[in-house]
Amino acid sequence: MKDISAVWQEMLSIMEVETHSLGFDVWIRPMHPIRVEDDILVLCAPTAESKGEVVARYLPLLKRALREIEGAPAEIVIVSEDEIPQPAAETMREEKILEEERPKASDRCLLDPKYNFSDFVVGECNRLAYASALAVAEAPGQKFNPLFIYGDVGLGKTHIMQAIGNDLRLTRPHCKMLYVSMITFINEFIASIHGVHGVNNQSFRDKFRNLDLLMIDDVQFLSKKQSTQDEIFHLFEDLKSAGKQMVFTSDRRPQDIPDLDERVRSRFASSMIVDIQAPDLETRIAILQKKSQKEKKNIGIEELTFIAERVTSNIREMEGVLTKILFLSTLYDRKVDLAICQEALKDYLVQECDDISVDEIIDCACKYFNVQKSEVVGKRKNKDVVVPRQIAIYLINEFTNIPLSSIGSYFGGREHTTVMYARDKITSLINTDTKIRTAVNDIKAMILRK
């Protein structure tokens, strides 16, 4: 059987593609494997709440990911931290000694070690973001403070942000740093107000103010959260006046985040603002080449180009496709060739149909479900139009390279997070609901016959 850490890393690679990026970062990534018992992999979630969320929403996907890994355990059990028996007194004393010997700041910062500067492929699409992040890592708090990185989902914002922290772990091991998603920040702030889990407002503020580096992912979720915006404003002021480094990421520029307090917007706007664009073909090939080399796999340029030409707008998705290709190569015990790439990419080949328009896709979905187009693209939320709308969104995402925000504009100006939810829901239902799977396949056939 494989080492459980290796199994978990492979599962993370699969789950990163299969799940919504926010759900992955908030619920999946914080877990860790603790043991294997009777061919059962035991995963630990930080809290009972996160355990419940994972079991309710992600357990089937986790099990499917586990089944894809050769030599892995056969089943999964999720536990929470408070369900793990406390160690004996002697062990606790030993752990306390070890805890005192290691830098405390880094232990509080849940960074993924795979996110580093050396593994970040630089192209025209991200050169400024890379250079700015590198400057921050070399002199935190002195240059580009705060740093604000924005761009679409799956383009490397989290990678470059966490690379700053991982670099500082090596060069400044006593640097006090913390990486959180905005959703986690909001949840902790709410818990501090209500005194949940023994957290109070003072301990919350101490946690976020006694830092040398604060990294917050997906700050667009501050929208409409007035109390949290007030807290962020005061936190921003305190850290800035103390010369402490802040790094933020978002899927849009500060001025484009809706329902944001002008004080907070102006603080974000005062940052060094850099964007990450979708990579061009050469950069996508270089990313695939680096990842395959890291996996010690020699893949030809023809195969790499084949992949890069078909998965164009999301690096995370492209790397997930490569993981699937490498798995098929191992499964079939042969080197990666075009046949394996075609099998792994069979669900993406429809993207070669460049003449397929958004209107054609919506029209086919409406015709299949016998509903009016005006209702599907409108504001109605009753079931007879919601399902056709979600399937149309899923198929637009599959057949085209249109950004999520632009897809949302076709459907009454919906937020890109709503588009992501619709896409991810249909992705999940295809594996569990025969009617939905049949509908999606039938509408695909209608689209391709047009």
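The entries below follow the sheet, the helices and the cysteines in turn.

**Basis.** I worked from a predicted model, in which local features need pLDDT of at least 70 and side-chain atom pairs count only at pLDDT 80 or more, while totals for chains, interfaces and linings use all residues. Residues are numbered from 1 along each chain as its sequence is written, and side-chain values use heavy atoms, with hydrogens and water left out.

**Sheet.** I found an open sheet of 3 strands in the order S1-S2-S3, with mixed pairing. Helices (H or I, at least four residues) and strands (E, at least two) are DSSP runs, numbered from the N terminus, and two strands pair if DSSP finds at least two bridges between them. Strand S1 (32-37) and strand S3 (75-80) are the edge strands, each pairing on one side only. I noted an average twist of 30 degrees from one strand to the next; angles run from 0 to 180 degrees between N-to-C directions of axes fitted to C-alpha atoms, for helices over the stretch in contact. S1 pairs with strand S2 (residues 40-45) in the antiparallel sense over 5 bridges. Pro33 stands opposite Leu43 in S2.

**Helices.** Helix H3 (residues 48-57) packs on the sheet and touches S2 and S3, where contact means heavy atoms within 4.5 Å. The direction of H3 makes about 155 degrees with that of S3. Helix H4 (residues 59-67) lies across S2 and S3 and runs at about 135 degrees to S3.

**Cysteines.** I searched the whole structure for disulfides (cysteine sulfur pairs within 2.5 Å) and found 0. Cys44 is buried, at 0% relative accessible area. Cys125 also counts as buried, at 10% relative accessibility, because buried means under 20% relative accessible area, with exposed over 50% and partly exposed in between (1.4 Å probe, protein chains only).
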